[in-house]
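Q: Hi! I'm new to this one and would like a quick tour. Could you walk me through it?

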Amino acid sequence: MTAYRISEADRACVDEFRQNPLGPHSPDLLRVLNAMRGAPNAGKYCLICTEPFRRWQLARMTGVRGLPPEPVEGEIFEDLAAAEWAVFRRRWQEMTGETLN
Amino acid sequence: MLKLVGYSDVISVASGQTIAFKVSADGVPQYRASIVRLIHGDANPAGPGFKTAPVVSDIEGSYPGRFQPIRAGSYMVVDDHPVLSGWQDVTLGCLIWPTRLDAGRQTLVAARDPQTGVGVALEVDKEAGLVLVLGDGERVAEVAVRRRLETRYWTAVSVTIDRAAGRVRLSQRPVQGFPLVGQPAEVDVPLPLAPAIPGTGLMVAAAPAVDAPATRHFDGKIERPWIARHVLDPAAIDRLSQPGPLPADLAPQVVALWDFSRDIPGTRALDLGPHGLHGRLVNMPTRAMKGAAWTGEAQAWTDRPEHYGAIHFHSDDLYDAGWETDFSWTVPAGARSGIYCAHIRSEDGVYEDYIPFALRPPAGTATAPIAILLPTASYMAYANDHNSVDGQDAEMLMGRLVPLQAGDLFIDRHREYGLALYDSHADGSGVAISSRLRPILNMRPKYASWLGAMGSGLWQFNADTHLTDWLEARGFAYDVITDEDLEREGYGLLKPYQVVLTGTHPEYHSTRMWDAMRAYLERSGRLMYLGADGWYWRIAWHRDAPGVIEVRRAEDGIRTWEAHPGEYYHAFSGEYGGLWRRLGRPPNTLVGQGFTAQGFDRSGYYVRLPGSYDPRAGFIFDGIGPDERIGDFGLVGGGAAGLELDRAETLLGTPPHTLVLASSEGHTDLMLLVNEEFAVTTPNLGGSQHPKVHGDLVFFETASGGAVFGVGSIAWCGSLSHDGYANNVSRITENVLRRFLDLEPFVPPVD
């Protein structure tokens with residue numbers, strides 16, 4: 001298994017993402033993001049656009065053709081950067097066990 | 001969720017011609033329809049906003065909604081014939097290469113009345129192997145080989161019903177066997193019931209259904225199905241499975257033998273038997289597929305058609321949705337050319353759809369000196385692309401969360417709406433065929449694509465309305481013509497125009513389309529190539545069936561699936577497929593540049609190069625300062641240089657006198673060199689490091705007094721409207737367009 005595994009050393013990238021969720025990002029942060037974004041589609045976060053250019057509902061893909069993404073209750077965003085940071089925190093917690101504030 | 005969707009029978013229409021619209025309304029009892037001219041389909045509030053112009057038409061009014069289903073899945077059907085019923089003894093067989101046995105029971109051959117269950121159906125089951133289902137109207141019985149079938153290996157299957165002996169025999173014989181798996185197997189058991197043959201015709205790769213044209217679709221390849229009204233011995237069965245003509249001594253016993261290697265470009269399966277029971281292929285399965293006899297000595301089906309006797313059927317193939325027409329519009333004389341839509345909306349305004357089409361001038365005429373060649377073949381290539389939910393890489397490529405629109409969610413749920421040339425079928429094989437005879441929900445105004453970068457997110461069709469909006473804002477009269485018109489009419493379509501403008505992403509071209517553009521440029525034509533990744537893939541249009549294209553993703557190039565070795569030649573045309581670059585016609589030879597990099601996060605800008613100060617380019621940069629960043633703004637990724645970039649390259653045929661006017665910079669490491677640009681992987685393929693990751697603005701004159709201007713970026717047109725259309729991208733585009741409209745011939749430089 002040579003896929004990149006997020007470790008304590010990547011903690012230094014968190015602030016970069018928090019301050020600039022939409023990039024561009026440093027190579028170190030990009031490596032962390034690729035590990036997050038390249039995961040299989042089952043359970044992968046995505047956004048459902050509920051009002052064009054204004055509002056997005058966070059959802060998780062099923063990874064099964066024809067089975068629609070499942071909305072994450074209460075996670076509605078009016079700012080794409082805020083959505084990115086929210087998902088980064090969720091993934092960080094899921095992949096490292098650590099909760100980011 | 002969408003409740004109102006539609007499509008049209010043609011993609012372009014001229015005065016005096018009629019376009020028919022087909023609508024499905026899911027729980028919408030009544031809807032209103034009107035015709036609009038589409039000016040700007042981008043609803044981004046940061047830009048000029050959504051714009052249409054009303055069109056008075058006789059279709060305007062209220063229509064009753066009705067649900068119209070789509071039945072995907074390809075198969076072969078043979079109409080009933082006296083020799084197809086009243087069988088006593090029968091032997092039938094074929095070669096199969098199953099691809100999706102996990103999906104459950106699938107039908108190979110069926111002669112069965114779905115109402116009564118009378119008849120026989122030969123099916124496959126992953127564990128039970130070959131299964132014969134028999135029905136006499138009262139009872140249904142099954143006989144199974146009970147030997148596991150292997151996926152993606154050839155197996156010869158046959159069944160023999162011997163009424164006199166009261167026996168049924170099933171045989172499942174791998175063409176290539178392996179230890180432990182894939183061993184030959186057969187059963188020979190008493191006939192559980194004497195099936196009647198219903199006289200409902202015959203189906204291959206699906207079974208007739210009560211409430212649909214077909215059901216129990218087979219995924220995989222089938223080769224050479226045949227039927228004999230006799231009990232045949234194993235040696236005769238084996239001989240009928242071999243490629244080539246029908247053996248003369250067996251001919252009297254054979255009812256039909258369908259040789260899929262005959263007339264591969266067509267939609268019929270030719271019967272070599274005495275009754276001419278040719279099959280109709282429904283929903284365009286993939287032909288020119290390697291059969292069991294393929295050895296590798298031939299790579300082209302045209303050289304050894306007998307090696308390509310297989311058809312790959314898919315349960316999610318779709319050619320023509322086949323909906324009934326709800327309303328038609330006969331275009332009145334003198335109608336203005338443009339991009340038009342039939343706008344349908346529910347009475348309460350909650351649901352709507354826009355069905356786009358081109359209103360073109362009558363053939364052989366022009367109503368403006370400028371034509372936009374709408375890249376409708378490329379729209380078809382991306383039609384109903386599912387990569388936002390099916391592809392694992394979408395979020396990495398975009399550098400942000402995948403945003404799903406209502407249309408994306410609809411086609412995810414409704415797989416029967418068909419696939420794009422970027423999708424894979426449910427069995428994992430690549431989609432080589434795409435049609436426009438179905439609602440295409442990503443070819444819509446207001447649609448934003450996952451591929452379209454931050455900002456407006458436009459891609460293909462809707463992105464091209466940035467150009468129509470700019471032409472209207474700047475007061476230029478223009479005609480709209482389409483790829484399909486170019487395929488039909490060739491150079492004659494382009495001939496009347498002083499200037500031809502491309503769309504933002506004219507990626508897919510047939511040989512005839514390519515030749516037509518070459519002819520235009522050789523005869524003083526002026527081309528403004530306002531996009532990138534153009535003239536990239538070769539396609540073929542179908543010989544007989546309208547509105548459908550095929551691609552064979554041979555060799556390399558940016559692609560989401562690969563054609564299998566030995567399957568690089570189009571079934572539709574017999575031509576070798578792949579990148580025009582690999583066919584010896586790089587786009588550089590036509591338009592001075594070619595695809596070099598792609599990235600879907602944000603866009604860069606251009607800086608001027610010495611070429612821009614050459615007196616030959618003086619008209620282009622009139623009013624542009626020497627240190628101006630060009631296009632450091634825009635609705636597509638925030639800059640004019642983005643999504644996909646083209647680069648000038650003399651080694652690939654960029655004419656030596658081409659002026660490279662400016663090059664782009666400011667790209668992130670998500671903007672990556674395309675794979676045909678490197679033979680060895682290196683760690684510097686991203687936009688912050690690799691010198692070839694940039695787009696070029698190019699200009700060159702042709703020997704006939706014409707000229708080409710290319711922008712080298714898909715994002716260019718997204719910057720045209722910035723600051724009330726008063727910006728340097730708009731200025732450069734207008735400078736070029738005005739000079740190209742001037743009849744004064746261009747003169748190439750001399751030593």
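This is a predicted model: local features need pLDDT of at least 70, side-chain atom pairs count only at pLDDT 80 or more; totals for chains, interfaces and linings use all residues.

Q: How many residues of domain 2 of chain B are in contact with domain 3 of chain B?
A: On the domain 2 side there are 21, in contact with 20 residues of domain 3 of chain B. Strand 21 (residues 286-289) of chain B gives the largest share of that domain 2 side, with 4 residues.

Q: And what are the residues on that side of domain 2, nonpolar, polar or charged?
A: They divide into 8 nonpolar, 9 polar and 4 charged.

Q: New topic: strand 10 of chain B. Is it enclosed or open, and why?
A: Strand 10 (residues 119-125) of chain B is largely enclosed by the rest of the structure, because 6 of its 7 residues are buried.

Q: What does strand 10 of chain B pair with?
A: Strand 9 (residues 106-112) of chain B runs antiparallel to strand 10, joined by 6 bridges. Strand 11 (residues 129-135) of chain B is also antiparallel to strand 10, with 7 bridges.

Q: Which residues stand opposite B:Val120?
A: B:Ala111 stands opposite B:Val120, and so does B:Leu134 in strand 11 of chain B.

Q: How many residues lie between the strands in those hairpins?
A: The hairpin of strands 9 and 10 of chain B has 6, and B:Gly117 there takes a positive phi near 80 degrees. The hairpin of strands 10 and 11 of chain B has 3.

Note on methods: Residues are numbered from 1 along each chain as its sequence is written. Chains are lettered from A and ligands numbered from 1 in the order in which they are written. A residue is buried if 20 or more other C-beta atoms lie within 10 Å of its own, exposed if 12 or fewer, and partly exposed in between; C-beta atoms are placed from the backbone. Helices (H or I, at least four residues) and strands (E, at least two) are DSSP runs, numbered from the N terminus. Two strands pair if DSSP finds at least two bridges between them. Two residues are in contact if their C-beta atoms, placed from the backbone, lie within 7 Å. Ala, Val, Leu, Ile, Met, Phe, Trp, Tyr, Cys and Pro count as nonpolar, Asp, Glu, Lys and Arg as charged, and the others, Gly among them, as polar.
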